[in-house]
Amino acid sequence: MYMPSLFGENLFDCFFDDFARPVRHEPKFHEPVGKLMKTDVKETDEAYELDIELPGYSKDNINAELKDGFLTVKATVEENNDEKDKEGRFIRRERYSGSCSRSFYVGEAVTEKDIKARFDNGVLKISVPKIEKKPEIEQNHFVSIEG
């Protein structure tokens with residue numbers, strides 16, 4: 001009987017192999033990682049308060065940008081773990097770099113000067129005031145008529 005190649009030679013090979021191994025779920029490249037930049041949003045009478053968890057990041061590696069009404073918070077990290085023996089040869093050398101970002105719509109009436117941000121103990125605290133966009137006043141442009 002012809003079997004598709006994704007099953008290998010026996011349909012049940014992979015099925016029974018899983019019982020011998022401990023169950024462990026590792027996120028795939030296409031799955032969202034829900035543990036990055038956990039954010040609590042609290043509404044007060046005057047503002048929205050955001051608490052964004054960024055453990056392991058330093059203040060210098062965090063950037064907040066306001067553009068077209070969207071507040072985007074980006075965080076980057078670079079680690080380099082070099083271990084050498086007494087002669088200067090590498091025993092272990094590991095490098096890691098990564099970044100994450102989140103965007104929040106805060107409205108087009110909010111400016112950079114209105115937003116207050118503070119980084120303390122791995123938590124970025126951002127306060128965005130509630131500012132209503134002022135309706136544009138329609139101006140009449142009359143043409144003078146001589147006569």
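Reader: How much space lies in the largest pocket?

Author: The largest pocket holds about 180 Å³ of space. Its lining has 13 residues, and those closest to its centre are Tyr48, Tyr105, Val106, Val128 and Pro129. Strand S2 (47–53), strand S5 (90–105) and strand S7 (123–129) each give two or more residues to that lining.

Reader: What kind of model is this, and which pLDDT do local features need?

Author: It is a predicted model, in which local features need pLDDT of at least 70 and side-chain atom pairs count only at pLDDT 80 or more, while totals for chains, interfaces and linings use all residues. Residues are numbered from 1 along each chain as its sequence is written, and side-chain values use heavy atoms, with hydrogens and water left out.

Reader: What makes a set of points a pocket and not a cavity?

Author: On a 1 Å grid over the protein atoms alone, a cavity is a set of points where a 1.4 Å probe fits but cannot get out, whereas a pocket is an open set with protein on both sides within 12 Å along at least five of seven lines. Lining residues have an atom within 4 Å of a point. Points are joined across faces, edges and corners, and the volume is the space filled by probe spheres set on them.

Reader: How many residues of each class are in the lining of the largest pocket?

Author: There are 10 nonpolar, 1 polar and 2 charged residues. Ala, Val, Leu, Ile, Met, Phe, Trp, Tyr, Cys and Pro count as nonpolar, Asp, Glu, Lys and Arg as charged, and the others, Gly among them, as polar.

Reader: What helices and strands does the protein have?

Author: It has 1 helix and 7 strands, running α-β-β-β-β-β-β-β from the N terminus on.

Reader: In what order do the 4 strands of the open sheet stand?

Author: The order is S1-S2-S7-S6, with antiparallel pairing. Strand S1 (39–43) and strand S6 (116–120) are the edge strands, since each pairs on one side only.

Reader: What joins strand S3 to strand S4?

Author: S3 (residues 62–67) and S4 (residues 70–84) run antiparallel and are joined by 6 bridges. Alanine 64 has valine 73 in S4 as its bridge partner. The hairpin of S3 and S4 has 2 residues between the strands, and aspartate 68 takes a positive phi near 55° in it.

Reader: Why is the contact of glutamate 43 and lysine 130 called a salt bridge?

Author: The term requires a side-chain nitrogen of Lys or Arg within 4 Å of a carboxyl oxygen of Asp or Glu. The side chains of glutamate 43 and lysine 130 meet at 2.6 Å, N to O, so the pair qualifies. Glutamate 43 lies in strand S1 and lysine 130 in the segment after S7, so the pair ties together parts that are 87 residues apart in sequence.

The structure holds 2 salt bridges. Another pair, aspartate 51 and lysine 125, meets at 3.8 Å, N to O. This pair links strand S2 with strand S7, 74 residues apart.

Reader: Why does glutamate 43 count as exposed?

Author: Exposed means over 50% relative accessible area, buried under 20%, and partly exposed in between (1.4 Å probe, protein chains only). Glutamate 43 has 53%, so it counts as exposed. Lysine 130, at 32%, counts as partly exposed. Aspartate 51 is partly exposed at 28%, and lysine 125 is partly exposed at 30%.

Reader: What makes tyrosine 57 buried?

Author: Its relative accessible area is 16%, which is under the limit for buried. Tyrosine 57 sits in the loop between S2 and S3. From glycine 122 it is 65 residues apart in sequence and 6.8 Å apart in space, C-alpha to C-alpha. Of the 147 residues of the protein, 18% count as buried.

Terms used
Two strands pair if DSSP finds at least two bridges between them.
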